[in-house]
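Have a go at each task before you read its solution.

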Amino acid sequence: MKKILTSLSAFSSVGLTAATVVACIPAKFAEGPIGQRVVIVTDGGNIRDRSFNESAWEGVIEYGAQVHQNIYEDAARTKKVDVKTKEEALKFDYASSLMGRQFDPEHPGVDKVKGQTYDLPKKYSSNYVETAGHNTNDFYAGYKMGLYKNADAILLAGFGHLASISKLIEWMEEDEKTLVLLDSSVDYDYVKNADGTDKIDPITKKKIPQKNKNVISVQYNSELSGFNAAWDTALWANMPKIDMATGRWDSKGGLNGDASGNDKISMGTFGGISAKNSVDNSMWGYLVAINLFNDTMAGKTYTLKDAAGVAKEFTPKKIDFGNVGSDNVDKVKASGNSDQTWFSNSFGLGDANKTVLPHLIENKTDIIMGVAGPQTNDIVTPVGAKYSPFIVGIDTDQITSVGKDTNSTDRFITSSIKGLMPAAVEEFKKSKSLKHIYKDEKKKEIEYYVNGNDIDDGQLAEQKPDWVISSSRDAKEKWAPGKNLAINAVKYSEGIGATMFAKLPGIYAAAGKAPENYFQPASIKAATEMIMKASADKPETWTIEQNGISGYMDYFQKFIASLTITPNGGNS
């Protein structure tokens, strides 16, 4: 009772009432053993927004399904508890997280290839708070309710929290609880050496923060996901048209991605308001992929066989950069951060149709990626267009939101996404306040030790290969209406893919601070040359398994196979 009164007193101190808060959250405490309860607080949106909030919430659900995998009897983490049954796992996991699928102790998470979903876990999960609005008091109320629900750690997604986050950090520091912040960062004011470099702790091997010591920040090198999405798209679009239902050549001919009907593929992109590390980076990676395709795959003749074994000789043409209406990379140039051939200068719904979209349509751009939030909707219905362009979504798998809402799923090739779920799970495991299971709420007596000893509190998290990817189907996942058209063609943990993961962000970072510095030939060519030098193999022989990136034939063969997979996993 004392704890409840303390929490309610805190609401009053920021001008709030309990009723204000309780009206917008589930009336349950957070699920999970004491010491392992994670709660997400939304940024003013609905938890089921099919965007940032919901994708981050899936990270909480995933974590709740795998706590049992990291249970130890000793502080050194040498005596692991062996969990084999669902009954044993439920001692550690969130019961709601395990709903809707057969329990697998080694792979407890949702497997979308097997058709599994988060539907049941979301129906019963109580580990979230929906804030009532977007003002500071709404956020304060949401934060306090998250703590009132007995959260041992809190998850926030997006920069919308930055204006109010300092109060939550202060409250959580008092109880030594970790805050994980996705797609944004706080200032840690790291201790410096005499030469101005960051001082490294000799024991942890990490930087030494002087403030915000209980916050883990996650930012995304989205130039990598932009590249991944565009490479998948280029390979899918620039092949003879395939009947997606049968895997056979389309009787009408043409190219998969030729929306405008001019027998050549054009790919374009635009941003809302220019921001080098949150908008423009996805666009730049997209441009690099187009240039790499033109330098490596275009102009070569391939013998292609459809699902019926009917052969065609095909020579893909170079892809046009839609923003400049040419396949010549030397013409790619931006004149500044308000250039309306690249930016809509807004994140408002409908504003792309007033600025940049008419330009792209005039250039007969077949495929468009908008890095401008709701303006993906503008691409669905471009004003004045006599054709319907294909779409590459942004940040989350937008075929599940914009595609379904506008009945345009058949036009979504893929999305350039930020891996909110895998990043959240990874950083929960490195959260200082999620290292134990306690016997009671006093948290004085440890019952079990959880996760490894590595702690990321007070750090900007190190990027992982599965955080910056596309939403394309796995090659083993059969296409069906409502699914993305493309299959994945990049694996950043292997071969050339690993080299790109390590080096592409550095090339982009060094290119300058403004669009005119990086939306230009030199940086795009530098990235392309780096990728080509990373391989001793001819590009046309690249395979995703060996090189971390599919060449034309590898992609085509896997794509055809993905259209003919039977429900039992074989090929028809």
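**Exercise 1. Find how many aromatic pairs the structure holds, then classify the pair formed by F92 and Y448.**

Solution. Step 1: this predicted model holds 20 aromatic pairs.
Step 1: for F92 and Y448, the ring centres are 5.2 Å apart and the planes make an angle of 85 degrees. Centres within 6.5 Å make a pair, and planes over 60 degrees apart count as edge-to-face, so F92 and Y448 form an edge-to-face pair.
Step 2: F92 is in the loop between α4 (86-89) and α5 (119-124), while Y448 belongs to strand β15 (residues 446-450). They are 356 residues apart, so the pair links distant parts of the chain.

**Exercise 2. Decide whether F92 and Y448 are buried or exposed.**

Solution. Step 1: the cut-off for buried is under 20% relative accessible area.
Step 1: F92 has 3% relative accessibility, so F92 counts as buried.
Step 2: Y448 has a relative accessible area of 15%, so Y448 is buried too.

**Exercise 3. Locate the charged ends that sit over rings of W171 and W249.**

Solution. Step 1: look at W171; the charged end of K144 sits over its ring, 4.5 Å from the centre.
Step 1: turn to W249, where K312 lies over the face at 4.8 Å from the ring centre.

**Exercise 4. Describe how domain 1 and domain 2 meet.**

Solution. Step 1: find the domains. Domain 1 covers 38-182 + 184-217 + 422-457, and domain 2 covers 222-418 + 470-537. Their centres, taken over C-alpha atoms, are separated by 33 Å.
Step 1: look at the contacts. Six residues of domain 1 touch ten residues of domain 2.
Step 2: consider the area. About 590 Å² is buried between the two domains, with carbon and sulfur atoms giving 57%. On the domain 1 side, R50, F52 and V113 supply 82% of the area buried against domain 2.
Step 3: look for salt bridges. The rule finds one across this interface. R50 forms a salt bridge with D405, and the closest N and O atoms are 2.7 Å apart.

Terms used:
Residues numbered from 1 in each chain as written. Predicted model: local features only at pLDDT ≥ 70, side-chain atom pairs only at ≥ 80, totals over all residues. Heavy atoms only, no water. Phe/Tyr/Trp six-rings, centres within 6.5 Å; stacked < 30°, edge-to-face > 60°. Helix = DSSP H or I, 4+ residues; strand = E, 2+ residues; numbered from the N terminus. Buried < 20%, exposed > 50% of the residue type's maximum accessible area, 1.4 Å probe, protein only. Lys NZ or Arg CZ within 6 Å of the ring centre and 35° of its normal. Domains from an automatic or database assignment. Contact = heavy atoms within 4.5 Å. Buried area = accessible area lost by both parts, 1.4 Å probe. Salt bridge = Lys/Arg side-chain N within 4 Å of Asp/Glu carboxyl O.
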